[in-house]
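Please open the model in your viewer and keep the sequence panel beside it. The stops below can be selected one after another.

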Amino acid sequence: MAISSSSSSICFNPTRFHTARHISSPSRLFPVTSFSPRSLRFSDRRSLLSSSASRLRLSPLCVRDSRAAAEVTQRSWEDSVLKSETPVLVEFYTSWCGPCRMVHRIIDEIAGDYAGKLNCYLLNADNDLPVAEEYEIKAVPVVLLFKNGEKRESIMGTMPKEFYISAIERVLNS
């Protein structure tokens, strides 16, 4: 089940549950423990579901509330990207794209890591089709890196964070 809006996307995985058990350690208490019901024996699953059904809840796997990367639109494209003094990373995404959500998390981390050295933006390819067409975006997610108004690098698809970082470093050092 997925819930989406323009300001947040929440993905739920109904096969993972959290219990209200506490695990104590010398330094702190950890209030929630994750486990998969599939890893339990049938008898354990049955007793767990019958005895603590009121304490089970779905856990959000991806929450898109904090936006380290800002939205850019066709109107703000020239000022934010092409005329920027600092290098720019732009993620082209759509609201219905599952892999884009994975890339969002990586871009948010990168935006925090490279604050001041790199401006990170998101562009909804469905809403701003002329910009996507100008850069020949045929599928999403696509990440483009710009320096001095020129496209320097492009990364198509979902990649590990290290892949994005190496492309960023190449652009910053050029």
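Begin by selecting Trp 77, which lies in helix H2, residues 77-82; bear in mind throughout that this is a predicted model. With a relative accessibility of 4%, Trp 77 counts as buried, because the cut-off for that class is under 20%. If you leave aside residues up to four places away in sequence, Trp 77 touches Val 72, Leu 82, Val 90, Phe 92, Leu 123, Val 131, Tyr 135 and Phe 146.

Next, turn to the largest nonpolar core, which has 21 residues, and pick out Leu 89, Ile 110, Leu 118 and Cys 120, the members that touch the most other members. Two or more residues of this core come from each of strand E8 (88-93), H3, strand E9 (119-124), E10 and helix H5 (161-173), and the element that gives the most is H3, with 6 residues. In soluble globular proteins, nonpolar side chains tend to be buried together.

Centre the view on Leu 89 and show its contacts, again without residues up to four places away in sequence: they are Ile 107, Leu 118, Asn 119, Cys 120, Tyr 121, Val 143, Leu 144, Leu 145 and Ile 168.

Now select helix H3, residues 98-113. Its 16 residues should span 22 Å at 1.5 Å a residue, and the C-alpha atoms at its ends are 24 Å apart, which agrees with that expectation. Which residues of H3 are buried? Colour Cys 100, Arg 101, Val 103, His 104, Ile 106, Ile 107, Asp 108, Ile 110 and Ala 111 to see them, and note that Arg 101, His 104 and Asp 108 are on this list.

The last stops are in loops. Between helix H4 (129-134) and strand E10 (142-147), select Pro 141, which is joined to Val 140 by a cis peptide bond with omega of about 0 degrees. Glu 136 lies in the loop between H4 and E10 as well; its phi is near 55 degrees, a positive value in a residue other than glycine, and Glu 136 is exposed, with a relative accessible area of 62%. Finish at Asn 148, in the loop between E10 and strand E11 (150-156), where phi is likewise positive, near 55 degrees, and where the residue is exposed, at 55% relative accessible area.

Technical notes: Residues numbered from 1 in each chain as written. Predicted model: local features only at pLDDT ≥ 70, side-chain atom pairs only at ≥ 80, totals over all residues. Heavy atoms only, no water. Helix = DSSP H or I, 4+ residues; strand = E, 2+ residues; numbered from the N terminus. Expected span 1.5 Å × (residues − 1). Buried < 20%, exposed > 50% of the residue type's maximum accessible area, 1.4 Å probe, protein only. Contact = heavy atoms within 4.5 Å. Core = buried A, V, L, I, M, F, W, Y, C linked by side-chain atoms within 4.5 Å.
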